[in-house]
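Grab a pencil and work through these exercises with the model open beside you. Try each task before you read its solution.

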Amino acid sequence: MVSSSIKQLILVFGNAAILISWLRVLWTLVSEPITNEETCNLSLHPQTLTALLVSGIELLNSLLGLTKSKPHQVLLFSSVRAGVEILLAPLLPCNASEHLWTVGCWALDGLFRFGIFGLDALFTLCGYDSLATLKSVRYTVGPLLFPLGAGGEMFMVIRAAKDGRPHLYFAAALWPAFFYPLMKQLLKQRAKHFKKIKEEEASKDK
């Protein structure tokens, strides 16, 4: 059985690796001329693929029982994004607004989600309690960025469908079916977190 310290150490380094990979994508979005198709293809697209690959660490952590995340939900979440970037993105110009919007939402989500997960693991490793404020930020920003990113993915599908691929309209119609269970889980986690905070505050007042 993995000791608590080793578990937290694995989580610190794993989340740091994912965070850095998405920070690289975010930096490219704001600092390089990605509206240039060639630059976008040479920098943003491969960096996004790398970030998605490194994000597989999250699935590995869930399979090993290092986090409370359910493996099937992490797999659905990551496979949809990987499928969009590997199969769908090449059908559009790399600098298409739908693609840039989607990747930007993914990168911001990675910044907040894995940055906060990593800090939480680091605090625990150092013997400190988790900061409720950090988790509150995560459970507030996450439910905002996720639908924005999922919406971008759906509009990427619609854009590709308009370019002579009418069968993709069917895929776009199915997008809410993939979105719903993940959004429901996010909102459930958020409600559980803030309920716990209220209960702790109420117990202190007694």
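**Exercise 1. Is Leu100 buried or exposed, and what is its relative accessible area?**

Step 1. Leu100 has a relative accessible area of 16%. Buried means under 20%, exposed means over 50%, and partly exposed is in between (1.4 Å probe, protein chains only). So Leu100 is buried.

Step 2. Before you go on, two notes on the model: it is a predicted one, where local features need pLDDT of at least 70 and side-chain atom pairs count only at pLDDT 80 or more, while totals for chains, interfaces and linings use all residues. Residues are numbered from 1 along each chain as its sequence is written, and side-chain values use heavy atoms, with hydrogens and water left out.

Step 3. Now place the residue: Leu100 sits in helix H5, residues 97-125. Helices here are DSSP runs (H or I, at least four residues), strands are E runs of at least two, and both are numbered from the N terminus.

Step 4. Look for its partners. Skipping neighbours within four places in sequence, Leu100 is in contact with Leu29, Ile34, Cys40, Leu44, Cys94 and Asn95. Contact means heavy atoms within 4.5 Å.

Step 5. Finish with a distance: Thr35 is 65 residues from Leu100 in sequence, yet their C-alpha atoms are 9.0 Å apart in space.

**Exercise 2. How many helices and strands does the protein have?**

Step 1. Count the elements and you get seven helices and zero strands. Along the sequence the pattern reads α-α-α-α-α-α-α.

Step 2. Check the overall packing. The radius of gyration is 18 Å, close to the 17 Å from the globule rule for 206 residues, so the protein is as compact as a globular protein of that length. The radius is taken over C-alpha atoms, and the rule is 2.2 Å times the number of residues to the power 0.38.

Step 3. Buried residues make up 40% of the 206 residues. The protein exposes about 11700 Å², with carbon and sulfur atoms supplying 68% of it; the areas come from the Shrake-Rupley method with a 1.4 Å probe, and for residues only the protein chains shown count as cover.

Step 4. Of the contacts with a separation of 6 or more, 74% come from residues 24 or more positions apart.

**Exercise 3. At what angle do H1 and H3 cross?**

Step 1. The axes of H1 (residues 4-31) and H3 (residues 56-63) cross at roughly 155° and come within 9 Å. Axes are lines fitted to C-alpha atoms, for helices over the stretch in contact, and angles run from 0 to 180 degrees between N-to-C directions.

Step 2. Name the arrangement. Angles under 35 degrees are roughly parallel, over 145 roughly antiparallel, 65 to 115 roughly perpendicular, and the rest oblique. H1 and H3 are therefore roughly antiparallel.

Step 3. Find the residues: H1 brings Ile10, Leu11, Gly14, Ala17 and Ile18, while H3 brings Ile57, Glu58 and Asn61.

Step 4. Sort them by class and you get five nonpolar, two polar and one charged. Here Ala, Val, Leu, Ile, Met, Phe, Trp, Tyr, Cys and Pro count as nonpolar, Asp, Glu, Lys and Arg as charged, and the others, Gly among them, as polar.

**Exercise 4. How far apart are the axes of H3 and H4?**

Step 1. The axes of H3 and H4 (residues 71-88) are 9 Å apart, at an angle of about 170°. That makes H3 roughly antiparallel to H4.

Step 2. Glu58, Leu59, Ser62 and Leu63 of H3 meet Pro71, Val74 and Leu75 of H4. These residues divide into five nonpolar, one polar and one charged.
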